[in-house]
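Here is my note on the model, written for a reader who is meeting it for the first time. Please keep the sequence and the structure beside you while you go through the numbered points.

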Amino acid sequence: MDDTTSAGPRRPNARGQGERLREEIISAAVRMLGDLADDEALSLRAVARAVSISPTSVYLYFPDRDALVAAAMERCHAQMLQAADDAEAAQQDPALGLRARILAQAAWVREHPGLYKVMHESRVGMPFKEVLFTRTTAAVQRCMDAGVAAPGDAATVALDLRTAVIGMLSLRINEPDLPWPPFPEQADRFLAKLVGLAPPAGEGH
């Protein structure tokens with residue numbers, strides 16, 4: 001497919017609308033990365049065509065493809081983080097709050113598997129992902145402070161939990177034919193073994 005031709009003329013942005021165009025470029029990249037599930041397959045020319053601008057216009061906002069991928073993933077990560085934060089905030093019990101964070105993250109991944117693959121399989125640097133780890137560490141610490149989890153190094157526990165959850169979510173995307181149990185059951189085993197949380201009342205495992 002020839003991706004050297006833009007989708008047609010676009011009227012120049014008025015003064016002050018450059019940020020809007022930047023967001024449109026990111027939105028187009030997010031849509032394409034979700035479909036491609038591979039940032040190496042993303043073409044800046046195709047992104048430009050989707051936004052109806054010239055390829056050179058993209059470079060006014062992003063010096064290269066990696067910069068655009070990073071910006072797209074930063075937006076996606078912020079959305080996933082917000083979903084996790086909101087889910088935890090809806091729970092008064094710290095153990096249920098931590099569980100809600102994990103389940104909300106998984107729900108976002110189920111809706112955006114291609115984007116999640118890019119987020120964790122791309123070679124592009126994404127330092128913003130550390131925020132999710134920091135929030136999870138704080139959630140683990142709240143469980144320890146409340147006495148529902150054994151005392152210890154919350155960061156170490158959160159890192160183990162992060163490794164388990166990311167690995168499991170990635171495997172579910174890449175190897176969907178494995179006999180996967182319902183995600184909440186697997187998440188509760190992680191929380192019990194790695195954090196020391198008791199299963200939620202009424203949940204049998």
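1. This is a predicted model, in which local features need pLDDT of at least 70 and side-chain atom pairs count only at pLDDT 80 or more, while totals for chains, interfaces and linings use all residues. Residues are numbered from 1 along each chain as its sequence is written, and side-chain values use heavy atoms, with hydrogens and water left out.

2. Overall make-up. The secondary structure of the chain comes to nine helices and zero strands, where helices (H or I, at least four residues) and strands (E, at least two) are DSSP runs, numbered from the N terminus. Along its principal axes the C-alpha trace spans about 60 × 40 × 25 Å. Of the 205 residues in the chain, 41% are buried; buried means under 20% relative accessible area, exposed means over 50%, and partly exposed lies in between (1.4 Å probe, protein chains only). Among contacts (heavy atoms within 4.5 Å) between residues at least 6 apart in sequence, 67% join residues at least 24 apart.

3. The nonpolar core. A nonpolar core is a set of buried Ala, Val, Leu, Ile, Met, Phe, Trp, Tyr and Cys residues joined through side-chain atoms within 4.5 Å. The largest one here has 58 residues, and those with the most contacts inside it are Ile-25, Leu-68, Met-73, Leu-98 and Val-195. Two or more residues are given to this core by each of H1, H2, H4, H5 (94-111), H6, H7 (130-145), H8 (154-174) and H9 (183-195). As background, nonpolar side chains in soluble globular proteins tend to be buried together. Leu-98, leaving aside its neighbours within four places in sequence, is in contact with Thr-136, Ala-139, Val-140, Cys-143, Leu-161, Leu-191, Val-195 and Leu-197.

4. Ile-102 in H5. Which residues does Ile-102 contact, leaving aside its neighbours within four places in sequence? They are Leu-161, Val-165, Phe-183 and Ala-187. Ile-102 has its place in helix H5, and it counts as buried because its relative accessible area is 5%. The C-alpha atoms of Ile-102 and Arg-123 are separated by 25 Å, although these residues are 21 residues apart along the chain.

5. Helix H8. This helix has 21 residues and reaches 30 Å from its first C-alpha to its last, close to the 30 Å expected at 1.5 Å a residue; the expected span is 1.5 Å times one less than the number of residues. Its buried residues, among them Val-157, Leu-161, Val-165 and Leu-169, pack against H5, H6, H7 and H9. At the start of H8, a side-chain oxygen of Asp-153 reaches to within 3.0 Å of the backbone nitrogen of Ala-155.

6. Helix H4 and Val-69. The 25 residues of H4 (residues 65-89) should span 36 Å, and the end C-alpha atoms are 36 Å apart, which agrees. At its start, a side-chain oxygen of Asp-64 comes to within 3.3 Å of the backbone nitrogen of Asp-66. Val-69 lies in this helix and counts as buried because its relative accessibility is 0%. Not counting residues up to four places away in sequence, Val-69 touches Asp-39, Leu-42, Val-118, Ser-122, Val-124 and Met-126. Val-69 and Val-30 are 39 residues apart in sequence and 8.2 Å apart in space, C-alpha to C-alpha.

7. H1 against H6. How do these two helices pack, and at what angle? The angle is about 95 degrees, with the axes 6 Å apart; axes are lines fitted to C-alpha atoms, for helices over the stretch in contact, and angles run from 0 to 180 degrees between N-to-C directions. H1 is therefore roughly perpendicular to H6, a term that covers 65 to 115 degrees. Val-30, Leu-33 and Gly-34 in H1 meet Gly-114, Leu-115 and Val-118 in H6.

8. Ala-37 is one of the residues in contact with Lys-117, and Ala-37 has a positive phi of about 55 degrees although it is not a glycine.

Technical notes: A polar contact is a pair of N or O atoms within 3.5 Å; within protein, one must be able to donate a hydrogen and the other to accept it, and residues adjacent in sequence count only if both atoms are side-chain atoms. Angles under 35 degrees count as roughly parallel, over 145 as roughly antiparallel, 65 to 115 as roughly perpendicular and the rest as oblique.
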